[in-house]
Amino acid sequence: MGLFLLDYGAGNVQSLANSLTKLGHSFQWISSPTDFQKATSLIFPGVGAFETAVENLTKKGLLEPLKEYVQSGKPYFGICIGMQILFQASEESPNFHGLGVVPTTIDRFDDSAKTVPHMGWNSADLVQSPDVEPAFYYFVHSYCAKYRPADRPDAASWAYTTTQYGGEIFISSVRRGNVFGTQFHPEKSGAAGLALIDKWLRTPEAERSAPKPEALCSPPTLSLKPRDNLSKRIIACMDVRSDDDGNLIVTKGDQYDVREKVPSGHSMQVKTGGAVRNLGKPVTLASKYYAAGADEICLLNITSFRHSPLQDQPMLAVVRAAAECVFVPLTIGGGIKDTIDPDKTKRSALEVASEYFRAGADKVSIGSDAVYAAEKLLASGQKHGDGTSSIETIAHTYGRQAVVVSIDPRRVYVDPTTYDGPHQDELILGSLDSAFESDRGRSWWYACTVSGGRETRSISVCQLARAVETLGAGEILVNSIDRDGTGLGFDSDLLRLIKGCVKVPVVASSGAGRKEHFLDVFEQTGVEAALAAGIFHRAEVDIGEVKECLARHDIKVRTHIS
């Protein structure tokens, strides 16, 4: 008897388990259909495709017992896919049916004037108490239940909170009787999310069970606000690799060179010359940045894996430990691709990603493998991939919001008067009065690289961005080899170019040296998030200072940290 968690086999459920442990709540896992009878409270967390959830629940014989549990009147809390499955069906997977508890369907966001997925921190506004200051939670989804009280009044009456994204209002949580569900992820929403989970669990089960029937209030008509409350995200990134003694450390390079530079003949050359720059321990820094208000944490294994991804226990241990103390989204990158173990065992990218999701990661970042997949798609002349790339297999199982593609472009300078190559429509013309002397009067296009920037390919950033979006990437992290470690600011020309190519969120990276650089990149490019590493590690700029600067200039940021 007691609290049970339902793991349908996909998505990061470990984060919720970590949240419950931190809050002091004991729980058990649903391992068989008969466990539903033992549960007196049930939480169903998860991310991923609607089809995958229904298929996995059906295969395990859990779908009907889940429906019976919800109908029994015992307390139920569904998170993300755990809320969506309460609905009749989803446009994402029209051939699969949900539980039909809420009488409407899940539909895709309109991406004509905004990026999709809806990703980041947004407000959840109480439907019946619109004047109450809303809390902000973390959302990551492409499909939602539209709030339409005029033509879907029965469904709208389930809405406990709504959220506006662009020109659409959707149901961000449902509540009636024993049923509570959130589209957002409270386990990834910092202190606000932890408080919501704790409040639900500390409310007596009798109060969370189905009450006697009572009259329902008519769902009100809601007006669109001049703009939504989606905030810009500040991401703290840690490049993780082994030092010369084999210990995992956080480092940071200058244009991807992470070794210390000591002048020839300097007294320190014998001791530290050429050593890997050590800026701290991954978990310690992750915890520090979470407490400072980072909206997401990114761990990138920049030397890939010691033996193979699934045998690299130190890196897996880092992810597990970070997930135990960080309650905002966690991205892991490096080596997410099809691999072969030393014993010749083949491991798919999906297997590798699954292991990291189970360890506590929320998203995986794919680098070189994404370039190869994009090149393959372009060479085929087809409009869609063949379903075998790492991007496609992971997105199919976990949803595109779980897949980040990290690109590492560098400038290729050309003479615009004579250049007749294939990237003429992507040429950037540096103005004569540019703030950057190296840009004045010059022209260039951006070529993609692989292997940590060591090999330049002929594919351009626009070709890559469009291709990976087609394959299923839900977000694009844009690095800049030319700006990396310079402290001169983000490459706005590069970011505007990519923003004009895709409809998925874009994260700016490389070049931040001052808090004002974050303001510049948001005002000049419209990116959804900005990432930094070295300036945070060296305490040159504090995350709080960045957010204060943005807020002063009317850029929406998450400021209620604790």
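Biologist: Why are helix 1 and helix 7 called roughly perpendicular to each other?
Modeller: First, a word of care: this is a predicted model, where local features need pLDDT of at least 70, side-chain atom pairs count only at pLDDT 80 or more, and totals for chains, interfaces and linings use all residues. Residues are numbered from 1 along each chain as its sequence is written, and side-chain values use heavy atoms, with hydrogens and water left out. Now, the axes of helix 1 (residues 14-23) and helix 7 (residues 190-202) come within 10 Å and cross at roughly 70 degrees. Angles of 65 to 115 degrees count as roughly perpendicular (under 35 is roughly parallel, over 145 roughly antiparallel, the rest oblique), so helix 1 and helix 7 are roughly perpendicular.

Biologist: What makes Cys 298 count as buried?
Modeller: Buried means under 20% relative accessible area (over 50% is exposed, in between is partly exposed, with a 1.4 Å probe and protein chains only). Cys 298 has 4% relative accessibility, so Cys 298 counts as buried. Cys 462, at 2%, counts as buried too.

Biologist: Why are helix 13 and helix 15 described as roughly perpendicular?
Modeller: The axes of helix 13 (residues 368-380) and helix 15 (residues 461-471) cross at roughly 90 degrees, so this pair is roughly perpendicular.

Terms used:
Axes are lines fitted to C-alpha atoms, for helices over the stretch in contact, and angles run from 0 to 180 degrees between N-to-C directions. Helices (H or I, at least four residues) and strands (E, at least two) are DSSP runs, numbered from the N terminus.
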